Amino acid sequence: MKRRTFLKLAGIGSLSVAAGCTSRPENTLYSLVRAPHDMVTGEVRWYASVCRECPAGCGILAKAREGRAVKIEGNPYHPVNRGAICMRGQAALQGLYNPDRLMAPKIKGHDGTFKDISFEMAKGILQKKVKGAAGKAEGGIRMVTETTGETLYELFSDALGRSGALKPLVLEPFAYESLRAAHKAAFGDEALISYRMEGADFLLCFGADFLETWLSPVEYSRKFAAMHGLEEKRKGRFFHVSPVQTLTAANADLWLGCRPDTEAAVAMGLIKAALDWGRGEHLFDELKHGLSRATAAYTPEKVSEETGIAVEDFNRLSNGLLESRWPLVLPTGSANEGPNAVKADIASILLNYIINPTLSLFDFTGPQRVTTAAPRAEADQFFDTLSGRPPELLLIYNANPVYGFPPARGVEAVKAMLEKDAPFVVAFSNFMDETAAVADLIFPTRLPLEMWDEYGGKEGIYATLQPATGLLAPVPHIGDLFLEVFYSAENRPAADYKSLLMRSGMEKAGVRSEREWLMDVIRVGGSFKEKEPVKANAPQVNPDVPAMLSGPVSDSLSDYGNGAASGETRRETLAFLALPSIRFFDGRGGNRPWLCEIPDPMTKVAWNTPAILHPETAAAYKLAQEDLVEIESEWGKLHAPVYITAGIQPGVIAMPMGQGHWGYGRYADQMGTNPLILMPPHTNPESGGPICAAPVTMVKRGRRERLANTDGSRSQHGRTIALTTSIEEVTAHDANHPVKHGLTMHDAPIWMPTPEGYDKHKDFYPAHEHDGYRWAMTVDLDRCIGCGACAAACYAENNVGTVGIERMLEGREMSWLAIQRYMDDDHPERVIFLPMLCQHCDNAPCESVCPVYAPHHSKEGLNNQIYNRCIGTRFCSQNCPYKVRRFNWFSWQWPEPLNLQLNPDVTVRGKGVMEKCSFCIQRIKGAHGIAKNENRKIRDGEVVPACMQTCPTGVFTFGNLLDEKSRVRKMVEDQRAYQILSYLNTKPAVFYLKKVTQHI
């Protein structure tokens, strides 16, 4: 007998004895002798899929270990995101493993409480209800669904049609109604187009938050970096007009704060200026004369009067726009602010048409999939019809109207309708959200990481989803469920949804066999064949459009808050704006702890929902930071702590959406505030979209509510942390940039973290000798937009614990990488973002002070933290000038099954241990193993830390500083390169490139 055979038999015998002794043999795990190829212990498998955290449809790769997904990254082959992913995409993992995810169907009893039932019983109830409601005219069965792929939507429609029902209503809180109405008016087609932002040299935006939630933020972040990043000592210019300085506005060269809902006046002023400059000669006479009449009154002085923008700032804007060669104008944001949104969007389209006759930066070839969503007015009519003539059965798939509609529509009307005896409401939901809580039957179905499907964020993209993890519960696929419930065995279009998907996918992808479909389509995440560039042909613009711009900007929210506060009651009317959230989108991300813990990029507030005010407004109401206020509109009332910033117009209150759930799990329940409580129930009559702004009154409540604010200070206090340089300095000759040789804050040189950076006259310690590698990173501040995707990726990759609001209020957050936000002391509207992580110093202050040598300098230059040595003195944290080390005060718990998200390649730290960024050493070790097997050195660019991998704008570069040909070494030699607090001579291995400012 061979030794290997003997060990196999001995192992089987031992396992048999162990299995017979345990009381729960079904839970005993065995190492498989012949494991499936995608479940080998310790071996990583990647599964291409599509992110469904918003309608953009970015391609993702799910990393699986031992049958469970442990990390999500962007798919480099996908044409939308090309390898990057936002923080919401990273947090999709926490939807999969959320401890409050429903693992079994629930039926509501007569007493209003839910009880668990089996999936078979739930399917039987659904079949019975479908059979009873089928054939009873069009209103027997109705359905509401989120935006889905074509195959699934066609199945829904066909199944409902066979039962005599209408097609499903596609419900999205952000359906871009005003922009669709503007396209319909101008071009006769409401399709939401794409924009070739990367081809512009001047960008003007009227509120579109394209770096946060607007249409396809990861795609536009990449394009923005290409347009606005420094390339060959040139960069494009970016102006942003809005009443609130959002993250997108903070990245502008000039943010022009206007009164709410007056963007239309700015756009029409620019149209007039363009016509006065002689632009628009290509316009046919009827359109040109109509525009001249409609905009005749909008002189710079009139625009200033309407909007509050200074005349000189408006002139700078108009001159920059009209002097540029390839300008692009973007419309309003994801959520309409007020009645003039359609007018502003039409004006932006016409302005593009005047200054770029071919509309070459408009891409009409691939409309966004979210165009299929119904306008809010249509959704209102849908629920009104249900209330007056309820169907027997209402199906709701991944939609939450009770939370997402204003109170008179959602919390009150929709909830009251759903709670009636008729219809019988089935919520295909995986969480007990607000809408599921009023359903009669809650039927969990598979999440995107568990299912076969297809979804293209744009027309012409065929992207596929596939299961990337094992099932936590026997939840069915929504497609399989419909095939079983709505069809008999004889007339089903396919045996199961996977077969249906494969059949339609083979046709769309142009493949001929199942093997081709699996190998050429599923394996890469879709069919992404390169298309021939389409020449932009400007569509004919409707000559009647100027009539829609005629008349003053009336009934505007700019009338609210114009008067200075006076008197004792402080009951003056203010304008309240509900803003989309980069973290929570419309609220669907509110139950992901990573998204709750990573602070908002502008306020740096986590877990809370603050009311954002201008200092003048706060002074008028005698408010200080964190004072609690009561804000009331005609339709609702809420309480919130105050956050004071210069990034908002006086007389305006802003609040991000996404929190304030009264269900949805432990991380969302009663956390923060939902600003939609204050919104009007009616919609914009011109677009049918919701109005996300309201006139309100505000009263000080006389107490405070602390904010989990992580920024410490908004000012750098004169320290050399986040530095800028002008475009003029960058374009000057290198001779004008002499090498520094001083020892003070402003004249200290770059101290290389290699032997060449040591000087026996200046250094107390000798140089470290590095064995072939000295790992280093560069961070280009000119490309950092502050989106926080890198912070989320770090949480996911390195098992960083989330501590909750109570611990964050004590200053005990655990983030290894944080985006610091600084504001200019003299011009607080100028913002700079800086990713801060362990600097991996060569002269590390933490290493010399630790009594047990837990901080260890490796042979490749990494500042390692040896957890088994650490005794928790925290001397290293006290000695670190960068304050990037985190101490575990508690043993952070991951409630099951959230523990399944943990990366098995990274140690889970416990109480009493210090931790910090490791440059993703597990990835470095993985590259070492591959290089060793191939008998070579690690190639430049082969090691990609999690922060670098996910960044949509290319901020980070990582590599070997000892390799003079490496990209990181070349970037260190850039004239913009510097080290934070370099005068301390810690010799950091993280180099920053100064942000390039343009004084407009």
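## Domains

In this predicted model, the protein is divided into four parts: domain 1 (106–170 + 374–527), domain 2 (177–365), domain 3 (557–709) and domain 4 (724–997). Domain 1 is written with two ranges, 106–170 and 374–527, and the range given for domain 2 is 177–365.

Between the C-alpha centres of domain 1 and domain 3 there is a distance of 33 Å. The contact between these two domains involves 16 residues from domain 1 and 23 residues from domain 3.

## Nonpolar cores

In soluble globular proteins, nonpolar side chains tend to be buried together. In this model the largest nonpolar core has 216 residues, and Leu-204 and Phe-210 are the ones with the most contacts inside it. If neighbours within four places in sequence are left aside, Phe-210 is in contact with Met-197, Leu-203, Cys-205, Pro-217, Tyr-220, Phe-224, Phe-238, Thr-248 and Leu-330.

## The largest cavity

Rolling a probe the size of a water molecule over the atoms shows where empty space is left. For this model the count comes to 17 cavities of 30 Å³ or more, and the largest cavity holds about 750 Å³ of space. Its lining is made up of 41 residues, and those nearest the centre of the largest cavity are Arg-52, Glu-146, Asn-398, Arg-588 and Tyr-664.

Sorted by class, the lining of the largest cavity has 20 nonpolar, 11 polar and 10 charged residues. At least two residues of this lining come from each of β1 (44–50), α3 (92–96) and α15 (401–404), while domain 1 and domain 3 each supply at least three residues to the lining of the largest cavity.

## The second largest cavity

The second largest cavity holds about 540 Å³ of space. It is lined by 43 residues, of which Glu-212, Val-244, Thr-246, Leu-579 and Pro-580 are the closest to its centre. By class, the lining of the second largest cavity divides into 21 nonpolar, 15 polar and seven charged residues.

Among the elements, β10 (237–242), α13 (341–355) and β20 (574–579) each supply at least two residues to the lining of the second largest cavity, and β20 gives the most, with three residues. On the level of domains, at least three residues of this lining are drawn from each of domain 2 and domain 3.

## The second largest pocket

About 1,100 Å³ of space lies in the second largest pocket. Of the 42 residues that line this pocket, Asp-824, Glu-829, Arg-830, Val-831 and Thr-997 lie nearest its centre. The elements that give two or more residues to the lining of the second largest pocket are the helices α8 (247–250) and α12 (311–323), together with the strands β11 (254–257), β28 (724–726), β30 (818–823), β31 (831–836) and β39 (995–997). The lining of the second largest pocket has 16 nonpolar, 15 polar and 11 charged residues.

## Asp-158

A single residue can also be placed within this picture. Asp-158 has its place in helix α5, which covers residues 150–162. In sequence, Asp-158 and Ala-931 are 773 residues apart, and in space the distance between them is 53 Å, C-alpha to C-alpha.

Terms used:
Residues are numbered from 1 along each chain as its sequence is written. This is a predicted model: local features need pLDDT of at least 70, side-chain atom pairs count only at pLDDT 80 or more; totals for chains, interfaces and linings use all residues. Side-chain values use heavy atoms; hydrogens and water are left out. A nonpolar core is a set of buried Ala, Val, Leu, Ile, Met, Phe, Trp, Tyr and Cys residues joined through side-chain atoms within 4.5 Å. Buried means under 20% relative accessible area, exposed over 50%, partly exposed in between (1.4 Å probe, protein chains only). Contact means heavy atoms within 4.5 Å. On a 1 Å grid over the protein atoms alone, a cavity is a set of points where a 1.4 Å probe fits but cannot get out, and a pocket is an open set with protein on both sides within 12 Å along at least five of seven lines; lining residues have an atom within 4 Å of a point. Grid points are joined across faces, edges and corners, and a volume is the space filled by probe spheres set on the points. Helices (H or I, at least four residues) and strands (E, at least two) are DSSP runs, numbered from the N terminus. Ala, Val, Leu, Ile, Met, Phe, Trp, Tyr, Cys and Pro count as nonpolar, Asp, Glu, Lys and Arg as charged, and the others, Gly among them, as polar. Domain bounds come from an automatic or database domain assignment.
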